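Here are my notes on the model, point by point. Please read them with the structure open.

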Amino acid sequence: MASAVELDNIVPQIRRDIVRMVHAVNSGHPGGSLGCVEYLVALYFKVMKHNPEHFSMDGIGEDLFFLSNGHVSPVFYSVLARSGYFPVKELSTFRKLNTRLQGHPTTHDHLPGVRMASGSLGQGLSVGVGAALAKKLNNDDRIVYTLHGDGELQEGQIWEAAMYAAAKKVDNIIAAVDMNGQQIDGSTDEVLPMGSLKAKFEAFGWDVIEVTKGNDTTTIVDALALAKQHTGKGKPVMLLLKTEMGNGVDFMMHSHKWHGVAPNDTQLAQALNQNAETLGDY
Amino acid sequence: MMKKYSFTEKKDTRSGFGAGLSELGKTNANVVALCADLTGSLKMDAFAKEHPERFFQTGIAEANMIGMAAGMTIGGKIPFTGTFANFSTGRVYDQIRQSVAYSGKNVKICASHAGLTLGEDGATHQILEDIGLMKMLPGMVVINPCDYNQTKAATIAIANYNGPVYLRFGRPAVPNFTPGDQKFEIGKAVLLNEGTDVTIFATGHLVWKAIEAGERLAAEGISAEIINIHTIKPLDNSAVIASAKKTRCVVTAEEHQMNGGLGDSVAQLLSRELPTPLEMVAVNDSFGESGTPDELMTKYGLDAVNIVEAVKRVLKRKV
């Protein structure tokens with residue numbers, strides 16, 4: 001089990017991977033990826049029980065994670081590789097022809113660690129609920145985790161799944177929303193204000209935990225420990241993570257501009273300067 | 001001489017699905033069923049009653065049902081989803097495309113009330129595009145059995161196949177004439193009558209009508225080979241080519257749009273491998289409407305008489 005210091009040591013390397021991957025192919029989504037580095041690092045290096053060396057699709061006896069907002073694939077791939085699912089050097093194939101690291105994650109090319117394709121938004125909560133139900137049928141007491149973008153909550157299917165999970169007491173799932181407040185066309189408040197997500201999910205019957213420091217690993221680890229205590233009590237659990245898009249690269253923060261734009265050579269150098277090579281670049 | 005087919009009763013194909021699912025419930029502990037508020041219409045009540053812990057009522061939320069089914073495969077479950085064909089395909093196409101087909105998940109999408117024979121509810125519910133939508137998805141198996149017994153056998157068979165399947169069936173009671181003990185082989189055409197002058201490839205409810213047409217043609221001295229294509233994808237290419245080679249003209253018959261249906265698949269294959277005169281009995285770029293199933297099949301040209309006419313047209317084109 002990694003300590004908070006060790007987790008904080010991993011974070012800058014993940015950020016380096018993200019900006020280098022996106023820069024290399026001049027495409028991809030760095031902003032959202034950077035915003036949820038700490039959450040994924042906490043899950044994969046501290047919280048989840050999982051088996052990176054022997055990936056199995058069924059994941060019996062393991063905690064499962066589903067990325068619903070698949071466009072943040074760079075952070076997902078980096079965390080998977082750094083936790084041992086596949087060689088770190090494979091990150092250099094991101095978005096290139098014949099790669100297993102497709103623009104959006106897929107099972108199609110059998111990349112270890114990925115259990116469901118995502119990219120078309122709004123589908124991952126249903127998938128997570130289904131996987132959680134399968135765990136219950138299998139008497140498997142591990143937890144299913146999902147991650148969603150806040151803009152993604154504009155998709156209706158999310159609310160179908162939210163209604164189902166609460167009504168049918170699917171209490172072995174911890175969903176999280178990456179509330180960076182940004183989407184492609186601007187801030188979520190400009191595009192389609194969603195009001196209080198806490199009130200909405202509570203009205204749907206979820207147990208909601210707000211995490212105001214969603215880019216702080218210690219806070220996240222504590223919040224996940226609390227969330228786990230809330231599982232098994234008849235309600236699905238929702239973590240609302242207040243995050244900063246582009247976190248850790250100063251010029252990518254406080255803007256939606258870096259949703260789907262790659263840094264140029266100068267910008268890459270700047271970003272790398274701000275994040276130490278702690279584990280060795282791929 | 002036309003081989004004689006008879007039936008003792010008419011039964012709906014959806015009840016064949018219900019019976020097959022109920023049997024699977026007893027024989028395969030991994031089979032789970034999901035339904036979007038149409039349990040009675042899909043005849044899933046028996047499974048729901050016998051295996052409440054493996055039955056998931058999702059409410060009127062088909063997108064979530066498909067996503068949940070995809071998720072349940074992770075952990076080894078074999079989910080069967082049930083709703084009307086319209087809500088099983090067009091309404092949830094992107095969910096099926098990404099979470100089931102592209103993700104290669106072992107989900108069985110079971111769809112009732114396909115086509116015009118849904119009847120009085122009208123065109124909003126009478127999907128005639130579902131075969132086309134589903135067969136375009138890479139890796140998706142598309143099955144449209146012809147009667148109760150065959151639907152039951154198909155339901156049981158697809159549980160033993162690992163991969164996404166679309167199983168299409170219907171609402172009305174139709175002649176139940178195939179053997180109760182048949183072995184259903186995915187992708188294997190069923191030769192119903194050997195003939196020499198023309199081949200009729202039919203699927204679903206049109207198979208019995210093809211048999212009726214064959215009897216009328218035989219009375220006029222025309223020998224029709226009749227083949228039941230219960231699996232539209234993967235198409236039984238060798239059976240189609242072998243029969244077309246023998247009769248040198250073909251008619252396809254289905255309760256679906258011409259675009260995207262069985263006729264389209266047969267035409268593609270024969271154009272590539274063995275160009276053969278072909279006529280299609282199908283709905284020609286039109287929506288349906290309210291009416292009784294029989295009235296609608298007549299109005300939209302899906303009766304035995306339409307197959308007979310198509311045979312006569314294609315015989316004139318035969319070289």
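1. N69(A) sits in the loop between strand 1 (64–67) and helix 4 (73–82) of chain A. The model is a predicted one.

2. E38(A) belongs to helix 3 of chain A, residues 37–47. Its relative accessible area is 2%, so E38(A) is buried. Leaving aside neighbours within four places in sequence, E38(A) is in contact with V11(A), R15(A), N215(A), T217(A), I220(A) and N247(A). T219(A) is 181 residues away from E38(A) in sequence. In space, the C-alpha atoms of E38(A) and T219(A) are 9.9 Å apart.

3. Helix 5 of chain A covers residues 124–137. Helix 5 of chain A is mostly covered, with twelve of its 14 residues buried. The buried residues of this helix include G124(A), L125(A), S126(A), V127(A), G128(A) and V129(A). G130(A), A131(A), A132(A), L133(A), A134(A) and K135(A) are buried as well. Just after helix 5 of chain A comes N139(A), with a positive phi of about 55 degrees.

4. G67(B) brings in the other chain. G67(B) lies in helix 3 of chain B, residues 62–72. Its relative accessibility is 0%, so G67(B) counts as buried. Which residues is G67(B) in contact with, leaving aside its neighbours within four places in sequence? They are S126(A), V127(A) and Q157(A). Among the buried residues of helix 5 of chain A are S126(A) and V127(A). G67(B) and I143(B) are 76 residues apart in sequence. Their C-alpha atoms are 21 Å apart in space.

5. Next, a loop in chain B. G187(B) lies between strand 8 (173–175) and strand 9 (190–193) of chain B. Is G187(B) buried or exposed? At 18% relative accessibility, G187(B) counts as buried, because the cut-off for buried is under 20%. Not counting residues up to four places away in sequence, G187(B) touches H230(B), T231(B), P234(B) and D236(B). L235(B) is 48 residues from G187(B) along the chain. The C-alpha atoms of G187(B) and L235(B) are separated by 5.9 Å.

6. P234(B) deserves a look for its backbone. The peptide bond from K233(B) to P234(B) is cis. Its omega is near 0 degrees. P234(B) lies in the loop between strand 12 (231–233) and helix 9 (237–247) of chain B. P234(B) is also one of the residues that G187(B) touches.

7. Two further backbone angles to check. N98(A) is not a glycine, yet has a positive phi of about 75 degrees. N98(A) is in the loop between helix 4 and helix 5 of chain A. Its relative accessibility is 75%, so N98(A) counts as exposed. R248(B) is not a glycine either, and has a positive phi of about 65 degrees. R248(B) lies in the loop between helix 9 and strand 13 (250–257) of chain B. At 43% relative accessibility, R248(B) counts as partly exposed.

8. Now chain A as a whole. Chain A has ten helices and seven strands. Its C-alpha atoms fill a box of roughly 50 × 45 × 35 Å, taken along the principal axes. A compact globule of 282 residues would have a radius of gyration near 19 Å. Chain A has 17 Å, which agrees. Buried residues make up 58% of the 282 residues.

9. Take the contacts with a separation of 6 or more: residues 24 or more positions apart account for 76% of them. The accessible surface of chain A comes to about 10500 Å². Carbon and sulfur atoms hold 51% of that surface. Chain A carries 24 positive and 31 negative charges. How far apart are the mean positions of these positive and negative charges? They are 4 Å apart.

How values were computed
Residues are numbered from 1 along each chain as its sequence is written. Chains are lettered from A and ligands numbered from 1 in the order in which they are written. This is a predicted model: local features need pLDDT of at least 70, side-chain atom pairs count only at pLDDT 80 or more; totals for chains, interfaces and linings use all residues. Side-chain values use heavy atoms; hydrogens and water are left out. Helices (H or I, at least four residues) and strands (E, at least two) are DSSP runs, numbered from the N terminus. The expected span of a helix is 1.5 Å times one less than its number of residues. Buried means under 20% relative accessible area, exposed over 50%, partly exposed in between (1.4 Å probe, protein chains only). The radius of gyration is taken over C-alpha atoms; the globule rule is 2.2 Å times the number of residues to the power 0.38. Contact means heavy atoms within 4.5 Å. Accessible areas come from the Shrake-Rupley method with a 1.4 Å probe; for residues, only the protein chains shown count as cover. Lys and Arg count as positive and Asp and Glu as negative; His and the chain ends are not counted. The place of a charge is taken as NZ of Lys, CZ of Arg, CG of Asp or CD of Glu.
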